[in-house]
Amino acid sequence: MCVAAPGRIVEINDSTAVIDYNGNRVNADKGIVDAKVGDWVLVHAGLIIQILPEDEAKNMIDIFSELEELS
């Protein structure tokens, strides 16, 4: 099973976006998603698969944080 966590785009260079995951930065291919700096996105296998509304992204982050506290 794969779980994609939301991250925020902090930089874009051509077709590569830099995604910030709570201070950890990774590169992802924009593919066909029309994402821009500041967007919250889901990434799978190095490819942005979805743009998320900010409230949904923050809700997912809260849920993941609660799950971490349970383990």
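Reader: How many bridges join strand 2 to strand 3?
Author: Strand 3 covers residues 24-29 and runs antiparallel to strand 2. Strands are DSSP runs (E, at least two residues), and two of them pair at two bridges or more. Here the bridge count is six.

Reader: What model is this, and which cut-offs apply?
Author: The model is predicted, with residues numbered from 1 along each chain. Local features need pLDDT of at least 70, side-chain atom pairs (heavy atoms) 80 or more, while totals use all residues.

Reader: Which residue in strand 3 is the bridge partner of aspartate 20?
Author: Strand 2 and strand 3 are joined by bridges. Aspartate 20 has its partner in strand 3. That partner is arginine 25.

Reader: Which residue takes a positive phi in the hairpin of strand 2 and strand 3?
Author: Two residues lie between the strands of this hairpin.

Reader: Is asparagine 22 buried or exposed?
Author: Asparagine 22 sits in the loop between strand 2 and strand 3. Its relative accessibility is 79%. Buried is under 20%, exposed over 50%, partly exposed in between. So asparagine 22 counts as exposed.

Reader: Where is aspartate 14 found?
Author: Aspartate 14 is not a glycine, yet its phi is positive, about 55°. Most residues other than glycine have a negative phi. Aspartate 14 is found in the loop between strand 1 and strand 2.

Reader: What is the relative accessibility of aspartate 14?
Author: Aspartate 14 lies in a loop. This residue counts as exposed because its relative accessibility is 77%.

Definitions and conventions. Helix = DSSP H or I, 4+ residues; strand = E, 2+ residues; numbered from the N terminus. Buried < 20%, exposed > 50% of the residue type's maximum accessible area, 1.4 Å probe, protein only.
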